[in-house]
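Here is a note to read beside the structure, point by point. Please keep the sequence at hand as you go.

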Amino acid sequence: MMIVRQAIIIDHPASSAADAIQAAGQALCQSGACSPEYVAAMVASYQEFGPYFVIAPGLAMPHARPEQGAIKAQLSLVRLREPIAFGHTENDPVQVLLGLSATSSDRHIHLIQHIVTLLADENNLHTLMNSCNPEQLYHLIASAE
């Protein structure tokens with residue numbers, strides 16, 4: 001299962017990039033995909049390496065390394081109430097975060113390829129960036145598995 005309904009949060013009032021990443025990580029953690037240490041590592045990775053995971057305009061895919069506490073391969077989705085600048089020159093501000101937990105680099109690459117394929121379709125990308133319906137977002141991601 002690539003995503004579970006509980007891991008989709010709409011209208012999150014994040015006050016900073018780190019706060020937004022924390023929310024994406026917490027959603028993974030609460031659905032059993034990772035440990036609290038993994039969530040902390042997601043934030044630390046941003047603080048250390050910057051916004052390298054802001055992969056498209058308005059879209060970030062924060063993650064940590066599998067050995068930092070990933071339990072299973074899964075995504076979370078957090079849509080921010082207000083877009084937040086992550087410090088990415090081309091793709092700021094971020095509105096949607098897809099948190100990523102993967103237990104191996106193979107699973108990690110598989111999940112990212114899945115998302116890239118999904119978002120190559122303009123309609124899917126538009127839905128992801130604009131839908132406020134968790135059920136619609138769940139079906140968008142789950143159906144592409």
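1. Helix H4 has buried residues that are covered by, among others, strand E3 (59-60), strand E4 (74-84), strand E5 (94-101), helix H3 (105-119) and helix H5 (134-143). Covering is judged here by contact, meaning heavy atoms within 4.5 Å. Helices (H or I, at least four residues) and strands (E, at least two) are DSSP runs, numbered from the N terminus.

2. This is a predicted model, in which local features need pLDDT of at least 70 and side-chain atom pairs count only at pLDDT 80 or more, while totals for chains, interfaces and linings use all residues. Residues are numbered from 1 along each chain as its sequence is written, and side-chain values use heavy atoms, with hydrogens and water left out.

3. Within H4, which spans residues 122-130, the buried residues are Asn124, Thr127, Leu128 and Met129; buried means under 20% relative accessible area, with exposed being over 50% and partly exposed in between (1.4 Å probe, protein chains only). The N-terminal end of H4 is capped by Asp121, with a side-chain oxygen 2.7 Å from the backbone nitrogen of Asn123.

4. In H5, the residues Leu137, Tyr138, Leu140, Ile141 and Ala142 are buried, and their cover includes strand E1 (3-12), E4, E5, H3 and H4. Asn133 caps the N-terminal end of H5, where a side-chain oxygen lies 2.9 Å from the backbone nitrogen of Glu135.

5. Strand E4 is mostly covered, since 8 of its 11 residues are buried. E4 runs parallel to E1, to which 4 bridges join it, and pairs with E5 in the antiparallel sense over 7 bridges; two strands pair if DSSP finds at least two bridges between them. Val78 in E4 is the bridge partner of Ile9, and Val78 also stands opposite Leu97 in E5.

6. Which residues are closest to the centre of the largest pocket? The largest pocket has a volume of about 240 Å³, and of its 16 lining residues the closest to the centre are His63, Ala64, Arg65, Pro66 and Gln68. A pocket is an open set of points on a 1 Å grid over the protein atoms alone, where a 1.4 Å probe fits, with protein on both sides within 12 Å along at least five of seven lines, and lining residues have an atom within 4 Å of a point. Its volume is the space filled by probe spheres set on the points.

7. Helix H2 (36-49) and H3 each supply at least two residues of this lining, and H2 gives the most, with 5 residues.

Key: Polar contact = N/O pair within 3.5 Å; in protein donor to acceptor, adjacent residues only side chain to side chain.
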